[in-house]
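Please look over the chain shown here. Some questions and answers on its fold and surface come after it.

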Amino acid sequence: MNAPLPLKITQEAAAHAYDDVARVSNEVAGRLAARLAAETKGEVLFSGTDRGRYATDASIYQVMPVGVFVPRHATDVKTALDICRDLQVPIVPRGGGTSQCGQTVGAGLVIDYAKHVRNILAVDAEARTAEVEPGIVLDHLNAALKPHGLWYPVDVSTSAQATLGGMAGNNSCGSRSIAYGNMVHNVLGATAWRSDGSLLELGRYDAASGPARALGDYVKALSDQLRPEIEAHWPKVLRRVAGYNLDIFNNQNEKPYTPDGSVNLAHLLVGSEGTLALTKSLTLRLSELPRAKVLGVVNFPTFYQAMDSAQHIVKLGDGTLTAVELVDRTMIELSLQNPAFAPTVRTALIGQPDAILLVEFSGSSKAELTPKIKQLVELMGELGLPGSVVEMIDDAPQKNLWEVRKAGLNIMMSLKGDGKPVSFIEDCAVPLAHLADYTDALTQVFRKYGSKGTWYAHASVGTLHVRPILDMRREGASKMRAIAEEASALVRHYKGAYSGEHGDGLCRGEWVEWQFGPKINDAFAQIKNYLDPLNLLSPQRIVNPPKMDDTRLMRFAPSYKVIPIQTALDWSAWNVQNDPVTEQTGAPGTGGDAAQGFAKAVEMCNNNGHCRKFDAGTMCPSYRVTRDEKHLTRGRANTLRLALSGQLEGIKAEDAFTSDAVKDALDLCVGCKGCKRDCPTGVDMARMKVEFLHHYKAKHGYTLKDKLVAYLPDYAHWASRLALLLNLRDKIPGLAALSEKMMGFSAKRTLPQWKTQTFFNSGAAGASREEVLAAAKPVVLFVDTFNGYFEAGNASSALKVLQAAGYTVHIATKTVADGKSLCCGRTYLASGMVDKAKAKASELVAALLPFAEKGIAIVGLEPSCLLTMRDEMLVMGLGDAAQTISRQALLFEEFLAREATAGQLETLKARLKPVDQPILLHGHCHQKAFGAVSPIIDVLKLIPGAKPELIESSCCGMAGSFGYEASHYEVSMQMAELSLLPAVRQQPDAIVVADGTSCRHQIRDGAQREAVHVAVLLARQLQD
Ligand SMILES: Cc1cc2nc3c(=O)[nH]c(=O)nc-3n(C[C@H](O)[C@H](O)[C@H](O)COP(=O)(O)OP(=O)(O)OC[C@H]3O[C@@H](n4cnc5c(N)ncnc54)[C@H](O)[C@@H]3O)c2cc1C
Ligand code: SF4
Ligand code: SF4
């Protein structure tokens, strides 16, 4: 420790700074962390686990940073820069970390701008400009611009995660770049710190003075000197993002960087991947929001024809053509297999095309644009494809189809097994005239190496995304190099750009010299040296990069090993390998995972960062309120992966999985299953948390609170008899505080109130087992612990409604009566007691199997309980019986919606009196995860006059016992305040419907309103 560091910063020392820091990071790290903590207001994250979470991005690489710094203000960045300069620690700036080439992984100090440095500094609607801090996310900027009728039109697929700083760093490009250009075409100015601490103000060269002017003069001299090389070697395509934009003085781009041909020095930083300066602010050119769009979907019998036609289609524009995007046969097939996408895709198909192109025109009115679609139809006729265009004039079908297209990569990435679609040549750009031949030739290359590619994306600009499937733990690196070599030869042959959208990073850095030749490459080194002579900013990127296939830099290097564990749940579905050509996976359990499939399930997270979203959907409530990488699905998956592979620094490999570091990362996971639904690769952190807790608690023991929560179903029958006594906790002053101290339940919360009269002792009468088995309209009602003991009214309402609808209802009971009620095991799962949960689940299976085998629906009220039968119960080793039950297990509203569609609810409908209040609906997270929200709306609409309105909410924040816990109270309320509580408050006269017990409690605590289960509302509306 504390080895003396060279204090004098010399040019020579600077050249080695990167390697030195990687080698002696322990010594440097302590001093760095201490100074950052003392001299800034930012967050200083230097634990092995924190650093591990920032060691990866959406690429195949992994490099452990020295530390992570999360600045609170822009000034913190400057201070951190000064400290890093003093200590010779390199800096890796980072936004959302969604780069695909390893741009944000490096051995220096990672500075994460995205949490705090994200203000909109100014908007000039008239001049159509905005000035922003680099950490702002594109969608958030566009939401703020919408009221002005403006947007920032570089519409990357990652618009919900990508920061403007990161987009500028990568010179990002959107689907509509044919109309709007790339980042470089839409940046008007930048302020940025050089590594010497000076602030550059970059804008028009002809107006520049001082250091900016000097920089401009320097680069201009280089550019002038290299004119012949630039003209000979520079790709003449729109999509070229490699190297530095030395061509600002001698435009080579299909679309000049500025409309008036002027030179803008800010463009030097665009695409520089954090290697030249740290961006402080960006001035952006805004565009008018298109008022109307029309879409023509061209169906092609062969992929080649689709590629060949693109060059003709782009000529239709007159400035109104905004996109030509490809979806190939494989992607069409995959979408057709996905119930969420299939209906949408079908609307776009004529027969069985081999590929489709989405051709979009935008302008001021549909009337102005519809002739464009006619021209497209005529063109396709001329090209020998009459009747090949589906015309989409209305907005809704267009929007749905774009969602499928945007999900393209995600659809592809859900492949299980060690072979994954790898991003390394996926955005080469070739002139449109050669697109067909290029894609054809590259397909042959994939075949030669035993792989295949699925093609999609930006046909309009010759940038097609394609990822061959490679197994990086085995021979992937060598195959990657071989394919890259052949792909680059094709790119050269067709005069394209090797790096056309996703940047250079670690993956393509070594191809910069190949693309531009040694002289231009040398000029890049001179620009780097001019701006960052200390080599502090993202060293070894663009200039002097490492080899792309250096396995020491990889996340899944051949040395990657998983520590064996015996899992409590069955993860064998993930324990498979795949065939890279057919994409077929082997039998469950055959994948060779030492953690029985659990590690492979965790490794499904490819770090694409989709969970960093704030828009519709549930994922990820804890990130939405904390904005911490640690409390993000990605951060959790990375923590688990590092632990399972013994890479959590400072923790013994065998102790890592059950360490407090993992517990901390999972602590704020509310188990909402938002990720199970919203994560493109299906990372199910809620289930992973159950597995983790099982191991953690087995080692560290259960707390009193754990036991009180878990065993609730076991003691509820006698606790209800002591209701008066137990409810004193919320009546006698001081007892709540005592319960917080002794058990950890927040004193700020009331607890669910025990009732002496429960559903189970209410004498509610259902049909006998024999009667229901013989009935014409049978149904079994499963009453869970919560509705049975705490809110008996919900269960009796459900019974009443089902009977009113003419069903013979049997109330499920245990096969052997022991005074307790049936239980799905949910509370045990939440506490990590998987064995106890299995015992409960087997009792439930035994009780319900005879009905399920007869095809009788098993209806439940509490989403988290009922849906356990369709989820965790299937991975508890309960065999086919659990499968049989899962097929019949339906939420009350799912059952009614199904029956209504089948015309079985006419009697019930006739008996429902109208409602005249607005109805607000909050969906339980598990309902959302299982697509079970729309049935509630359907059922509510059975009530005459009902116009249910869905609250766009994430998790309510209560999440079982989570929100009751003192340690989680604040976060729980913040989650509720994100959208749920404000929406409820906004409509004081609305009936609020929420089917989750904990959701209703949260609404009562936070908005002082009584929400009701849908069964209660239906029962209330029943008339004789
Ligand atoms: C599923 C998926 C889809 C994608 N689709 C697209 C697409 O349609 N179009 C496209 O162009 N890209 C796409 N990408 C790549 C990536 O999302 C974009 O490049 C995005 O703009 C990166 O934004 P970010 O905030 O995540 O940046 P990061 O990855 O965090 O950083 C990007 C670069 O900018 C630098 N940087 C960040 N902040 C600063 C700063 N303040 N100062 C200096 N340098 C800084 C970083 O060091 C890095 O070199 C996609 C990626 C994925 C995973
Ligand atoms: S958890 Fe899912 S959404 Fe988040 S980064 Fe990983 S794969 Fe992407
Ligand atoms: S279960 Fe919910 S809280 Fe947990 S990681 Fe997934 S989305 Fe986030």
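This is a predicted model: local features need pLDDT of at least 70, side-chain atom pairs count only at pLDDT 80 or more; totals for chains, interfaces and linings use all residues.

Q: Which radius of gyration does the chain have, and what would a compact globule have?
A: The chain has 1024 residues, and its C-alpha trace spans about 95 × 75 × 55 Å along the principal axes. A compact globule with that number of residues would have a radius of gyration near 31 Å, and the chain agrees with this, at 30 Å.

Q: What percentage of the residues of the chain count as buried?
A: The cut-off for buried is under 20% relative accessible area. Of the 1024 residues, the part that counts as buried is 63%.

Q: Which residue in β4 is the bridge partner of Val92?
A: Strand β3 covers residues 91-94, and four bridges join β3 to the parallel strand β4, residues 109-112. In β3, Val92 and Arg94 point one way while Ile91 and Pro93 point the other, and all are buried. The bridge partner of Val92 in β4 is Val110.

Q: Is Leu725 buried or exposed?
A: Leu725 lies in helix α29, residues 723-726. Exposed requires over 50% relative accessible area. Leu725 has 57%, so Leu725 is exposed.

Q: What accessible area does the nonpolar patch with Leu725 have together?
A: On the surface, Leu725 forms this patch with Trp718, Leu722 and Leu726. The accessible area of the four patch residues together is about 380 Å².

Methods: Residues are numbered from 1 along each chain as its sequence is written. Chains are lettered from A and ligands numbered from 1 in the order in which they are written. Side-chain values use heavy atoms; hydrogens and water are left out. Patches are made of residues with over 30% relative accessible area and no salt bridge: like charges are joined within 9 Å, nonpolar side chains (Val, Leu, Ile, Met, Phe, Trp, Tyr) within 5 Å. Accessible areas come from the Shrake-Rupley method with a 1.4 Å probe; for residues, only the protein chains shown count as cover. A salt bridge is a side-chain nitrogen of Lys or Arg within 4 Å of a carboxyl oxygen of Asp or Glu. Helices (H or I, at least four residues) and strands (E, at least two) are DSSP runs, numbered from the N terminus. Buried means under 20% relative accessible area, exposed over 50%, partly exposed in between (1.4 Å probe, protein chains only). Two strands pair if DSSP finds at least two bridges between them. The radius of gyration is taken over C-alpha atoms; the globule rule is 2.2 Å times the number of residues to the power 0.38.
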